[in-house]
Amino acid sequence: VGAASEMAGFLLGVVFALGFASPSTPRHLAPARPSHLARGARIACADALDEARRIGAHVGLDELSNERLLSIVQLETTDVETNELVWRCLGYRRDVEGGAWDSSGAFAKFREKFPQPPDLIGITRTYSKEVDEPVLRANQALHRSIPMAYKQGLKTQLRPLGFTGFKLANLTPNMTRRAQVTNWILYYREGLYGKTFGDVRREKEEMRRLEDEEAAKGTQVAPTGQTGQYVV
């Protein structure tokens with residue numbers, strides 16, 4: 001964050017050096033400020049701060065423990081609790097006074113699709129198309145964003161605790177969706193948590209370069225987990 005503040009200060013200094021008045025210059029003596037330059041400087045400052053912003057500042061690691069995640073797939077948490085944990089990982093924030101959810105800090109690509117945090121589980125347990133379709137689409141968008149390297153998170157992380165998966169005969173949409181959001185949380189914990197947005201974007205660019213190389217060779221591309229589907 002210190003580096004971002006330093007960068008923001010530098011950019012503001014550039015703005016003044018381009019002919020703007022210093023902060024102490026009387027308004028009537030200050031030269032006119034080209035609005036497009038001022039706007040560009042503000043955007044550059046915001047981008048610099050965003051690059052240094054760390055993922056997970058409002059989520060505790062204890063909330064992401066394997067034991068806690070096991071309780072999700074074992075149906076020991078409520079649908080509301082499960083939804084809200086994923087929402088906070090995605091960057092949505094609850095207004096403590098009004099109770100409404102603020103999307104301004106959410107991952108941009110997910111926020112564009114879902115300005116308000118979507119039901120990812122199906123809390124009504126109603127599976128008619130008109131009711132369940134939005135839930136299904138939101139859950140699929142989240143699941144597709146998991147990179148291929150993290151797709152087996154449930155097996156690698158929860159099997160040592162005794163989780164062996166579900167029996168097909170007993171499987172329900174609620175159980176399937178809990179498993180999918182838990183797998184995303186594992187990816188969030190292992191691949192995103194604690195990193196800056198700048199770090200993640202640079203990693204994404206490297207992965208995109210590798211994808212392009214594989215595509216140029218004619219390698220078949222997996223339908224999910226590609227960089228174009230990431231939440232960042």
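**Close-up views of helix H8 and its surroundings**

The crossing of H3 and H8 is right-handed. The model shown in these views is predicted.

**View A. Helix H3 against helix H8.** The axis of helix H3 (residues 66-73) comes within 9 Å of the H8 axis, and the two cross at roughly 165°. Angles over 145 degrees count as roughly antiparallel, so H3 is roughly antiparallel to H8. On the H3 side, Asn66, Leu69, Ile72 and Val73 make the contact. Their partners in H8 are Arg178, Ala179, Thr182, Ile185, Leu186 and Arg189. Sorted by class, the contact of H3 with H8 has six nonpolar, two polar and two charged residues.

**View B. Helix H4 against helix H8.** Helix H4 (residues 79-90) and helix H8 (residues 173-192) have axes that come within 11 Å and cross at roughly 30°. Angles under 35 degrees count as roughly parallel, so H4 is roughly parallel to H8. The crossing in which H4 passes H8 is left-handed. H4 contributes Asp79, Thr82, Leu85, Val86, Cys89 and Leu90 to the contact. From H8 come Asn174, Arg178, Val181, Trp184, Ile185 and Tyr188. The contact of H4 with H8 has eight nonpolar residues, two polar residues and two charged residues. Arg178 and Ile185 of H8 belong to this contact and also to the contact with H3.

**View C. Helix H6 against helix H8.** The axes of helix H6 (residues 129-144) and H8 cross at roughly 35° and come within 9 Å. H6 passes H8 in a left-handed crossing. Residues Asp132, Val135, Leu136, Asn139, Leu142 and His143 of H6 meet Arg177, Gln180, Val181 and Trp184 of H8. Five nonpolar, three polar and two charged residues make up the contact of H6 with H8. Val181 and Trp184 of H8 meet H6 here and are also part of the contact with H4.

**View D. The second largest pocket, lined in part by helix H8.** The second largest pocket holds about 320 Å³ of space. Its lining has 15 residues, and those closest to the pocket centre are Leu154, Lys155, Phe163, Gly165 and Ala179. Helix H7 (153-158) and H8 are the elements that give two or more residues to the lining. H8 supplies the largest share, four residues. By class, the lining of the second largest pocket has five nonpolar, seven polar and three charged residues. Ala179, one of the residues closest to the pocket centre, is also among the H8 residues in contact with H3.

Definitions and conventions: Residues are numbered from 1 along each chain as its sequence is written. This is a predicted model: local features need pLDDT of at least 70, side-chain atom pairs count only at pLDDT 80 or more; totals for chains, interfaces and linings use all residues. Side-chain values use heavy atoms; hydrogens and water are left out. Axes are lines fitted to C-alpha atoms, for helices over the stretch in contact, and angles run from 0 to 180 degrees between N-to-C directions. Angles under 35 degrees count as roughly parallel, over 145 as roughly antiparallel, 65 to 115 as roughly perpendicular and the rest as oblique. A crossing is left-handed if the near helix is turned anticlockwise from the far one by less than a right angle, and right-handed if clockwise. Contact means heavy atoms within 4.5 Å. Ala, Val, Leu, Ile, Met, Phe, Trp, Tyr, Cys and Pro count as nonpolar, Asp, Glu, Lys and Arg as charged, and the others, Gly among them, as polar. On a 1 Å grid over the protein atoms alone, a cavity is a set of points where a 1.4 Å probe fits but cannot get out, and a pocket is an open set with protein on both sides within 12 Å along at least five of seven lines; lining residues have an atom within 4 Å of a point. Grid points are joined across faces, edges and corners, and a volume is the space filled by probe spheres set on the points.
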